[in-house]
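The sequence and the structure are shown first.

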Amino acid sequence: MSSIIARRRHPAAGYAAVAVGLVAVGVLYSTLAGGGASAAAPAQASTSIAQGKSLFEQSCSSCHGLDAQGTSQAPSLIGAGAAAVYFQMSTGRMPAKELGAENDRKPTDFTEQQIYAIAAYVASLGGGPPIPSEADVSTVGANTALGEELFSTNCAQCHGFAGAGGALTYGKNAPSLNASTPTQIYTAMLTGPEAMPVFGDGTITPQEKRDIIAFITDTRNEPNPGGLSLARTGTVTEGLLIWIGGLGFLILIAMWLTARRRDRAIDEHGGDHVPGEHATTETAEQAESEHSS
């Protein structure tokens, strides 16, 4: 008994007891806080989905149906995913004002929070690609050179070698990427809007997507040392402009030289008579008389 009492009176015993108490309090707090956070997350998600459903019914259901099942005017959104909703709504393509071959980019009427809410509701109906996070679209450490190769192979045929856009068939076009945000570019590759193919992670990996985004964002900020960029639509357009402009300039010079030479001839001979005109008239009259005889 005396030995136990002696150990309890050891100077380190008090510190050990305090340490054990602090550990116990920390474990208890973590348990309670973790349980509260895990309970709050589903509640927050449910609130976002409910808000998204209300917004969807107000702004989207007239074309896509009350349950997003699709109608004769618009396709079903079940399984489309949050990424597709984000791309279409953040670029102002949806809701569409009228039916057409393609919806052009325009300012959106929805806030970022409302777009995310509608996206959460659509995702709750059947999954689909999620909206990428900021880390997913970050270009820090991206390989711009590889991004240029990937863009040239997979994107330049439609969007142009510098992302300025281009015309397609059946009234469609590949839009310019100059105003697209990294998240919009990433979600476009994930979902393949309009005539664009889907570039899933099996085709273009997430890191390669970041490389492509880095190339696009760097290219749009590059200066034009040659002067006028001509929207960076390529060498064919530049060559055509030079050919048409140069040929037109040469024609104007030739017309000017001809007119100047004629005026000089008139001044030298006086009046409006130009050498060669009288001879030509006499020749024509002689030929006419011979034909009559």
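This is a predicted model: local features need pLDDT of at least 70, side-chain atom pairs count only at pLDDT 80 or more; totals for chains, interfaces and linings use all residues.

With a relative accessibility of 33%, Glu194 counts as partly exposed. A second residue of this kind is Ala68, which has a positive phi of about 60° and is likewise not a glycine; its place is in the loop between helix H3 (61-64) and H4. Ala68 counts as buried, at 0% relative accessibility.

The backbone also holds a cis peptide bond, which runs from Met94 to Pro95 and has omega near -5°. Pro95 lies in the loop between H4 and H5. These features deserve mention because most residues other than glycine have a negative phi, and most peptide bonds are trans.

## Aromatic pairs

A pair of aromatic rings is described by the distance of the centres and the angle of the planes. The count for this model comes to 3 aromatic pairs. One of them is formed by Tyr86 and Tyr116, whose rings are 5.8 Å apart centre to centre, with 65° between the planes, and the pair is edge-to-face. Because Tyr86 lies in helix H4 (residues 82-90) and Tyr116 in helix H5 (residues 112-126), this pair ties together parts that are 30 residues apart in sequence. As for the cover of the two residues, Tyr86 is buried, with a relative accessible area of 6%, whereas Tyr116 is partly exposed, with a relative accessible area of 37%.

Phe151 and Phe215 form a tilted pair, since their ring centres are 5.4 Å apart and their planes stand at 50°. This pair links distant parts of the chain, with Phe151 in helix H7 (residues 144-154) and Phe215 in helix H10 (residues 206-220), 64 residues apart. Both Phe151 and Phe215 are buried.

## A charge over a ring

A further arrangement involves an aromatic ring and a lysine: Lys209 lies over the face of Tyr186, at 5.9 Å from the ring centre.

## The surroundings of Tyr121

Tyr121 is found in helix H5, and at 5% relative accessibility this residue counts as buried, the cut-off being under 20% relative accessible area. When its neighbours within four places in sequence are left aside, Tyr121 is in contact with Ile49, Gly52, Lys53, Phe56, Leu66 and Asp67.

## A nonpolar surface patch

On the surface, a nonpolar patch is formed by Leu240, Trp243, Ile244, Leu247, Ile251, Leu252 and Met255, which together have about 770 Å² of accessible area.

Technical notes
Residues are numbered from 1 along each chain as its sequence is written. Side-chain values use heavy atoms; hydrogens and water are left out. Rings of Phe, Tyr and Trp (its six-membered ring) pair if their centres lie within 6.5 Å; planes under 30 degrees apart count as stacked, over 60 as edge-to-face and the rest as tilted. Helices (H or I, at least four residues) and strands (E, at least two) are DSSP runs, numbered from the N terminus. Buried means under 20% relative accessible area, exposed over 50%, partly exposed in between (1.4 Å probe, protein chains only). A charge sits over a ring if NZ of Lys or CZ of Arg is within 6 Å of the ring centre and within 35 degrees of the ring normal. Contact means heavy atoms within 4.5 Å. Patches are made of residues with over 30% relative accessible area and no salt bridge: like charges are joined within 9 Å, nonpolar side chains (Val, Leu, Ile, Met, Phe, Trp, Tyr) within 5 Å. Accessible areas come from the Shrake-Rupley method with a 1.4 Å probe; for residues, only the protein chains shown count as cover. A salt bridge is a side-chain nitrogen of Lys or Arg within 4 Å of a carboxyl oxygen of Asp or Glu.
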